[in-house]
Amino acid sequence: MEGRLLWFNLFINGASNLLWLASEQIIKILLLQKNIDAFSNASLDLDQLQKKIDAEGKKLGHDVHKLVAKIKSEYPDLDLTSFEPVLIKLQEYFFRRYVINTGSSISLTLLDKVDEFYFNARAKIHSDIGLGTIDEIFIQKKHNWKHPLTSFIYAYHQNKHFKSRPHSPINIKGPDNKIYTEKGQ
């Protein structure tokens, strides 16, 4: 969301940093979720579980090519072919936060492909993994409730791929004091 906010305000380098981090995070969530039960069974408490998952995430590294190859092998139904150039460009700009003495350019239309990748990948997160801020914003938007932060609009502003993902049912009290049951799409 913050990456999209920066993008629309033409802070492209900063936006690319955050968009790459979000993309890398969603890839790692997909790769780690398949082993979450094993991690949970081998951990005595949540602190230990968090340390184990963090260590496994670090082992995955940051190389876009290796991450994409691993996703392709573990999620053959998630075709990343059209997204690879976008992910490579985002990672390039992520590293441009340091001085790099070579020129580069980035298309301002790239954001649509980033959105498409993010929401396609996000749809593969298991439904028993808790809601995220995107899901909360989706619920607020769906019911036309006021967002607690004005910047939440940037999650779906000019984003034709914005959607919730299936999740465990939750009950939420709306501003009208009615209880709504939500379970994503």
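1. Confidence. The protein chain of this predicted model averages a pLDDT (the predictor's confidence in each residue, from 0 to 100) of 91, and 100% of the residues score at least 70. Among its elements, helix α3 (residues 36-41) has the lowest mean, 80, and helix α7 (residues 110-122) the highest, 96. Helices here are DSSP runs of H or I with at least four residues, numbered from the N terminus.

2. Conventions. Residues are numbered from 1 along each chain as its sequence is written, and side-chain values use heavy atoms, without hydrogens and water. Local features need pLDDT of at least 70 and side-chain atom pairs count only at pLDDT 80 or more, while totals for chains, interfaces and linings use all residues.

3. Helix α6. The twelve residues of α6 (residues 84-95) reach 17 Å from first C-alpha to last, close to the expected 16 Å (1.5 Å times one less than the number of residues). Val86, Leu87, Leu90, Gln91, Tyr93 and Phe94 are buried (under 20% relative accessible area, 1.4 Å probe, protein chains only). Because they cover an arc of only 160 degrees around the axis, they lie on the same side of α6; the arc is taken from the directions from the helix axis to the C-beta atoms. Their cover includes α2 (12-33), α5 (64-74) and α7.

Note on methods: Helices (H or I, at least four residues) and strands (E, at least two) are DSSP runs, numbered from the N terminus. Buried means under 20% relative accessible area, exposed over 50%, partly exposed in between (1.4 Å probe, protein chains only). Contact means heavy atoms within 4.5 Å.
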